[in-house]
Amino acid sequence: MTPKQVLQMIKDKGATSVDLKFMDLLGQWQHFSAPISEFHDESPFDEGLGFDGSSIRGWQSIDNSDMLVIPDPASAVMEPFTKEPTLTMLCDISDPITRADYSRDPRNVARKAEAYLKSTGIGDTAYFGPEPEFFIFNGIRYDTNQHSSYYYIESEEGAWNSGREGQNLGYKPRYKEGYFPVPPNDSLQDIRAEMVREMERVGIRVEKQHHEVATAGQAEIDMRFQPLVKMSDWLTWYKYICKNVAIRHGMTVTFMPKPIFGDNGSGMHTHQSIWKGETPLFAGSGYAGMSEMALHYIAGILHHAPALAAFTNPGTNSYRRLVPGFEAPINLAYSSRNRSAAVRIPMYSPSPKAKRIEVRFPDPTCNPYLAFSAMLMAGLDGIQRRLDPGQPLDKDIYALTPAELAEVPNMPPSLEAALDNLQRGHEFLLKGDVFTEDLIETWIDYKMSKEVSQTRLRPHPYEFALYFDA
């Protein structure tokens with residue numbers, strides 16, 4: 001869609017305002033709205049609209065805060081959650097003086113990653129297909145202060161509510177048995193279907209939706225794979241839509257990797273492949289029908305996974321999921337069948353077009369623009385350096401001897417360890433100026449000061465059970 005077509009769409013749809021969305025460094029959408037009078041011509045697409053970036057997380061300081069949003073006309077759709085007819089667009093961020101793309105704008109990082117892939121001559125399109133999991137709860141209460149700390153999840157589906165007094169009709173998915181019962185055990189079919197419908201309204205192609213393994217309303221909606229930037233846009237819409245549809249029904253959605261103790265967490269297995277024109281480059285005659293290029297790409301992912309984790313698993317809660325058990329993909333190995341391996345090669349179809357890898361350790365709290373770009377850069381580094389992924393891990397992980405298990409490296413055990421790995425080994429991200437030292441330094445400083453250190457300062461409720469009577 002061109003700027004001229006967007007202006008015509010505003011008239012045709014009777015829009016009364018234009019909502020401009022952009023992403024902060026941490027991965028949440030920000031927005032402001034402009035009246036239709038600001039879009040009487042195409043100048044906003046060329047000149048942008050100014051705003052103060054000093055309060056956006058991870059962005060400029062107050063002494064250097066003037067910024068521009070540049071609307072992307074190709075992203076224009078009608079906003080699905082406003083009473084007033086509103087056209088919305090995603091935006092890129094630029095400096096008002098130099099007009100250079102802003103280096104800490106996540107969408108700009110993803111655009112540079114796509115450009116870098118083409119510049120290498122390796123391929124021209126990187127396809128990504130994430131599988132985000134999330135929980136749909138009836139309510140949530142939490143607080144932390146100087147003298148107390150707690151959270152309380154309310155879920156009609158929660159297995160822990162089977163003995164609740166009052167009206168209680170049973171039919172609650174047992175722990176680890178939510179994949180995938182029919183209603184009435186699955187009580188959220190209609191809400192997920194409404195989420196799908198809203199996704200389709202903004203142009204997202206959905207392949208399927210279903211209940212996930214955990215009790216208490218764990219869900220998954222799968223999208224058709226797309227190029228890196230477009231899928232990042234889609235995933236951001238996806239999370240926005242899931243949250244707002246839930247609110248319509250007096251419910252709430254969380255993408256936290258591990259909100260419930262003792263049951264499966266929420267991951268985001270991410271399928272990836274590289275194509276050149278109409279040719280899929282990951283199909284070949286090697287292990288599991290993969291090409292030599294694909295195996296080098298896998299090696300790059302595995303080699304850089306300890307640093308990638310800082311972007312793909314960006315919260316302290318991420319590492320409550322990345323522990324042994326629950327099919328946790330902590331083992332830095334690859335396999336065509338072992339779901340505890342960090343990289344799996346799906347075997348659903350022999351078609352060359354279906355050949356791809358599935359990186360299993362990311363979770364849906366990540367900023368998709370940064371996480372997908374970082375994984376692409378790691379894979380390309382593996383191809384360029386012809387890294388060897390080693391032997392596949394095709395054995396049952398639980399059947400391995402302690403000596404065999406000791407030879408398989410693991411994901412970092414904490415966000416602090418992941419950030420340390422990123423600090424010590426991020427040169428692969430700097431190629432093509434895709435990531436900058438400034439962005440990486442800002443990311444590490446923010447995560448350490450606002451998340452790791454703050455979590456470390458506070459006593460954990462379980463510590464009272466362990467130590468109060470010591």
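Biologist: What joins strand S7 (residues 125-137) to S11?

Modeller: Three bridges do, and the two strands run antiparallel. Strands pair if DSSP finds at least two bridges between them, so the three bridges here meet the rule. The strands, like the helices, are DSSP runs numbered from the N terminus (E, at least two residues, for strands; H or I, at least four, for helices). Within S11, Gln218 is the bridge partner of Phe135.

Before we go on, please keep in mind that this is a predicted model, in which local features need pLDDT of at least 70 and side-chain atom pairs count only at pLDDT 80 or more, while totals for chains, interfaces and linings use all residues. Residues are numbered from 1 along each chain as its sequence is written, and side-chain values use heavy atoms, with hydrogens and water left out.

Biologist: Why is strand S11 (residues 218-223) called largely enclosed?

Modeller: Buried means under 20% relative accessible area, exposed means over 50%, and partly exposed is in between (1.4 Å probe, protein chains only). Six of the six residues of S11 are buried, so the rest of the structure largely encloses it. In a regular strand the side chains alternate between the two faces of the sheet. Here both faces are covered: Gln218, Glu220 and Asp222 are buried on one side, and Ala219, Ile221 and Met223 on the other.

Biologist: What makes the pair of Phe32 and Phe51 tilted?

Modeller: The whole structure holds 23 aromatic pairs. Rings of Phe, Tyr and Trp (its six-membered ring) pair if their centres lie within 6.5 Å; planes under 30 degrees apart count as stacked, over 60 as edge-to-face and the rest as tilted. Phe32 and Phe51 have ring centres 6.1 Å apart and planes at 40°, so this pair is tilted. Phe32 is in strand S2 (residues 29-35) and Phe51 in strand S3 (residues 49-52), so the pair ties together parts 19 residues apart in sequence.

Biologist: And why is the pair of Trp237 and Tyr240 called edge-to-face?

Modeller: Their ring centres are 5.6 Å apart and their planes stand at 75°, so the pair is edge-to-face. Trp237 and Tyr240 are three residues apart in helix H5 (residues 228-248), about one helical turn. Trp237 is buried at 4% relative accessibility, whereas Tyr240, at 23%, is partly exposed.

Biologist: How do you know that Glu79 and Lys21 meet in a salt bridge?

Modeller: A salt bridge is a side-chain nitrogen of Lys or Arg within 4 Å of a carboxyl oxygen of Asp or Glu. For Glu79 and Lys21 the N to O distance is 2.7 Å, so the pair passes. Glu79 lies in the loop between strand S5 (77-78) and strand S6 (86-94) and Lys21 in strand S1 (residues 17-23), so the bridge ties together parts 58 residues apart in sequence. Glu79 and Lys21 are both buried.

Biologist: What about Lys21 and the ring of Trp29?

Modeller: A charge sits over a ring if NZ of Lys or CZ of Arg is within 6 Å of the ring centre and within 35 degrees of the ring normal. The charged end of Lys21 sits over the Trp29 ring, 5.6 Å from its centre.

Biologist: What do the side chains of Arg141 and Glu154 meet in?

Modeller: They meet in a salt bridge, at 3.5 Å from N to O. Arg141 belongs to strand S8 (residues 139-144) and Glu154 to strand S9 (residues 149-154), so the pair ties together parts 13 residues apart in sequence. Arg141 has a relative accessible area of 40%, so it is partly exposed, and Glu154, with 32%, is also partly exposed.
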